Amino acid sequence: MNRSRWKLYLFLAVGLAFLYIPVLLLVIYSFNESRLVTVWSGFSTKWYGELLHNRQLLDAAWLSVRIAATNATFAVILGTLAANALVRHGNFRGRTGFQLLLAAPLVMPEVITGLSLLLLFVTMEHTVGWPAGRGFTTITIAHITFSTAFVAVVVRSRLSQMDRSLEEAAMDLGARPLRVYMSITLPLIAPALLSGWLLAFTLSLDDLVISSFVAGPGSTTLPMVVYSSVRMGVSPQINALASIVVLIVSVAVLVAGLLSMRQQPAAKAN
Amino acid sequence: MANPAERRKLEPWQDPKAAPYVRIDHVTKKFGDVYAVDDVSLDIFQGEFFSLLGSSGCGKSTLLRMLAGLERPSAGRIYIDGADVTDIPAYSRPVNMMFQSYALFPHMTVEQNVEFGLKQDRMPRKERAERVGEMLALLQISELRRRKPDQLSGGQRQRVALARTLAKHPKLLLLDEPLGALDKRLRESAQFELVNLQERIGITFVTVTHDQEEAMTMSTRIAVMNAGQILQVDTPTAIYEYPEYRFVADFIGLVNLFDGRVVETQDDQVLIESSLGRRMHMRDLHPHAIGTPVTVAIRPEKLQICATYQENGINQVKGVVEDIAYLGDVSIYRVRVSPEMLVEMTLTNVHPRTEQALTWGQEVAMEWSPTSGVVLTE
C-alpha cells in the first residue's frame, strides 16, 4: 500500500512539473541579468525597472485592464440574466435554442468569432455609423460576447443549487419579486457573480486572437504588444511582465476558488 | 358532556350557521395533463388545527401552496376570511407558511430572519425590535438571536422558522411537514409544543403531513387525500373509528378487511356472509341492500381471544399464529386464517413476554363485537 502511494505521488509530481515548469522557468529568467533570454548570467531585477519605463507596454497594459474590467462587469450582468432565464423560467419556448446559442462561444474557434465580429463592426460603421472606428469599444464588445457564456455557466450552476423555497419564503413573508431578488437571491449567488467577474476579467486580459481582429490603430492590448515584440526577438522585459501577469492571474483564481469554497458549507446547511 | 352550544363552539364544523374561515371552492390544479388537485372543496374554521393527510404525490402540498399563493389554481376559488384571494399574489396574502426545509435565509442571523417579514411591511424599527424579541421569547430561542442558520440544530431551526412565520401575526398559518425534518423523539415533544402554541395564540393552522400519527395527535380535523381528491374530512377519532373508504381505513393505522356480501338486514344491523365462509353481524351506519358486496373493517385492537369458538359462530375467526411483532407495550399477532388472508390482532402485554399466552404455530380463535368495526363498500 505504501509503495503504490509512493507511485501516486510520483505521477502527481510529473503531472505538475509538466504543467508548471515552463511557468517557473519564465519567472526565474525574469530575474536573469543577461539580455539573452536563455543564458543565465546572474540575479538582477533590472528588467522590472526597465519595464516601468516602457511607455508602450504600460499603455497597453492599462488599456487591457480597462477593457477587462468593463467586459467583466457587462458579462456578469448579461450572464446572470441568461442564467436566470435558464434556471428560473422553466421550459420556455426556444429554451434549447437559447441554451445552444449561449454555449456556442465556448466552443467556437476564436478566429471565426474574431472575423465575424470584425465584419459586423465594419458593416455597422457603414450603415449606422457606430461604432466609429475600432478600438476600446469594439474590443470590449467582442470580449463580452464570449465572456457572457462563461459567466452564465458559473452563475447557472450556483443558481440551480439554490433552494427554491428560500425565495418562496421571502415572497410569502411579503417581499415583492424584485425585493426577493435583491435581498435573497443576489446575496446568495454573490460568490458566483464574483468568481464569474474574475473569470471574465482573466479571459479578456489573455485574449489575443479576437482582439487582433477587432482592434484598430492606437488600441493595442497587452497580449498584442507581447506577441509582436516576441516576434522581433524576446526581451527579458517580457519575462518580467509575464511574471507579473502570472502573479495577478493566480491571485485572482485563488480568490475566486476560495470564495466558491467558502460558500459551499452555507449552501449545504440549507 | 358539554351542552350543544358549547360543543358547537368547540366543533364549529357541526354548526350549520358557522362561517368558514378558509373556503376552498371546487379547486383544481393541473400540471400539464396531470391533475395534482382534482375538484377539491373544503371548509376550515377559525382556530382549527387542520391536517391534510396523504401519501406523497396525493396533492396535499399543492393544495397548501395554493392557499399560500405560491401556485395558482387552474380552476375554482379560494376564500380567506370571506375575501376571494384566488388572484392575490403570495406577498399580499394575510397568510404565512412554514416550509418543510424551513427555508431559513442562510446569510442572515436568527434575528434578521424573524425580522424579514416585518421589514417588508415597513414596520417602524422600534416596533420591529419589540416584535422580534416577543417572538424569540415565545419560542424560547432568545439566546440564539445572533447565530446563523448553519450554527443551529434541527430543532432550533424549526423554532426559528416558526418564529419567522408567526412574527407577522398571520390570520392563517400553513405548515408543510412541520416536523418532518426532526428525529423521532424530538418530533413527539414538538407535536405537543406545536399544539400548545396554537391554542395559546389562537391562529388557524393548516398542516400537511404524511405521518398519520402526527395528524392524529395534533389535529382538530383531518382531510385524507388520495390522487388529488379528498376522501374524508373528519375528527381524528371519526377517521380512525368510522372510516368511510377502504383507502382511509387502510391508510390510518392497521386494519383487517374481510370481504363479503350482505345477506340479511334489520334497521341498522346487517348480517354478512364473508368470503372466509363465516358470518358476521355488524352495525351498519349506512344500511346496504341485501346482496351488496361489502368489506368489514376491524382494527387489530378490537379483536379478542375467543374462549367459546363455535363452528358456525358469528363474528369469530380461527387461525394459526404466524408472526409476532413485540413492541414493548403491545404485541401484534399475525394469524393465518386462510391461505390468502392474515389477520392482525393487537394484545396488550399484561405479562412479561416469556409468560405470554400465545406463541408461534399456536391455534387461536378471535372474536369481536358488532359495534367495533365498520362496513364499507369502496
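User: How do you know where the domains of chain B lie?

Analyst: Chain B is divided into domain 1 (12-246) and domain 2 (254-376), with bounds from an automatic or database domain assignment. The model is predicted: local features need pLDDT of at least 70, side-chain atom pairs count only at pLDDT 80 or more, and totals for chains, interfaces and linings use all residues. Residues are numbered from 1 along each chain as its sequence is written, and chains are lettered from A and ligands numbered from 1 in the order in which they are written.

User: How many residues does each domain of chain B give to the contact?

Analyst: Two residues are in contact if their C-beta atoms, placed from the backbone, lie within 7 Å. Domain 1 of chain B gives four residues and domain 2 of chain B gives six. The C-alpha centres of these two domains lie 39 Å apart.

User: Where is α6(A) said to bend?

Analyst: The bend at a residue is the angle between axes fitted to the seven residues ending there and the seven starting there. For α6(A), this is about 30 degrees at A:F146.

User: Which residues make up the contact between chains A and B?

Analyst: Chain A contributes 19 residues and chain B 20. On the side of chain A, the largest share, seven residues, comes from α7(A).

Note on methods: Helix = DSSP H or I, 4+ residues; strand = E, 2+ residues; numbered from the N terminus.
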